Amino acid sequence: MIILPNFHEISYANDNQAREEMLRLAPADRQRLAENLLYRYPRFNETYNRLSRLYRPGPEAAPITGQIAGFLGNSRAGKSFMLKALLRENRPFRPDDSAGYVFPMAYIPVMERWGATDAASALFLATGASSVPYIGGKSLESKCVRRVATHGTHTVVFDDAHYIFSAPPAKRRSILSLIKALADSGACSVWLAGLYTIETCMLDESQHLNRGSFPTVHLAEHDLSVPDEQDDYLGFLMGVSNRLPFAENSLLDREEWEQEWKLAANGSVGLTMNIVIDAARQAINDGSPCIQAHHLREACFMRKRIGDLTYPFEKAA
């Protein structure tokens, strides 16, 4: 079972008491705050609401079951973080003291060259199994269907599901057969999260496509050539700055750094956070009051590729 992060969402803007409490934490704890920082920027909220409705159309409604759906975007668009936020809101629970745990959602990160046996084992672990019995042969699909039905699992999420379609043919067919069996059972829906190529592959799988006609939620990067989207991205940087665990605001959205961020991440939230988290680790370690230009410069230098003549924040002040 995947360990979900304890998301850090507290803004220190205009909250000196929260900032003072944070500064009393050990450096390692402040580092964890930076690593698990979650800012629900407008596009996050819009996409998250769509994703939530794909799970359950409303707070009083029943979970949607029996369909295969998609959650698609480029790598580092923020899909996995968003899925984990949704998983935290639908954590396992016990209806009463005498009952076992219910697992509303099962999250399965797919690996390359997986087949049905690998996916089935991961499904058992994602629904609380401490060990996995032998799962194979003709009973594999029925065991998995029984597992989700008895554990109240209404949604099975396969993250990085594009690996399913690049697996060797026999393994690909076996895992696709399992996915169809789960959807056909009516006990759960199956989400395929990953790259846009999943949609193209699904168009060739009519039996799977027809299980709900593959409703899909997309999560795209900010297009920095569009002024409104650039403003939204700068707003994202501001929101992150307000939540970074430092004595002072890092002002990541400052005007003189706009071009550097475009070179570094080009509107990608995930690529941005790769650099911010690395810079925050350095800044916490050296006792800096905030992330400074040299922390960002070092984080980008460490990501400089062979043949690159320059790199983001190289000359930033």
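Ten aromatic pairs are present in the structure, which is a predicted model. One of them joins Trp-257 and Phe-313, and another joins Phe-301 and Tyr-311. Six aromatic residues are also grouped in a cluster: Tyr-39, Tyr-41, Phe-44, Tyr-48, Tyr-233 and Phe-236.

**Trp-257 and Phe-313**

- The ring centres of Trp-257 and Phe-313 lie 5.6 Å apart with the planes at 85°, so this pair is edge-to-face.
- Trp-257 belongs to the loop between α11 (227-243) and α12 (258-265), while Phe-313 falls in the segment after α14 (293-301); the pair therefore ties together parts that are 56 residues apart in sequence.
- Trp-257 and Phe-313 are both buried.

**Phe-301 and Tyr-311**

- Phe-301 and Tyr-311 are likewise paired edge-to-face, at 5.5 Å from centre to centre and with 65° between the planes.
- This pair links distant parts of the chain, ten residues apart, with Phe-301 in helix α14 and Tyr-311 in the segment after α14.
- Phe-301 counts as partly exposed because its relative accessibility is 41%, a value between the limits of 20% and 50%.
- Tyr-311 has a relative accessible area of 16% and is therefore buried, the cut-off being under 20%.

**Charges over rings**

- Arg-254 places its charged end over the ring of Trp-257, at 3.8 Å from the ring centre; Trp-257 is also the partner of Phe-313 in the edge-to-face pair.
- The charged end of Arg-94 is positioned over the ring of Tyr-101, 5.8 Å from the centre of that ring.

Note on methods: Residues numbered from 1 in each chain as written. Predicted model: local features only at pLDDT ≥ 70, side-chain atom pairs only at ≥ 80, totals over all residues. Heavy atoms only, no water. Phe/Tyr/Trp six-rings, centres within 6.5 Å; stacked < 30°, edge-to-face > 60°. Helix = DSSP H or I, 4+ residues; strand = E, 2+ residues; numbered from the N terminus. Buried < 20%, exposed > 50% of the residue type's maximum accessible area, 1.4 Å probe, protein only. Lys NZ or Arg CZ within 6 Å of the ring centre and 35° of its normal.
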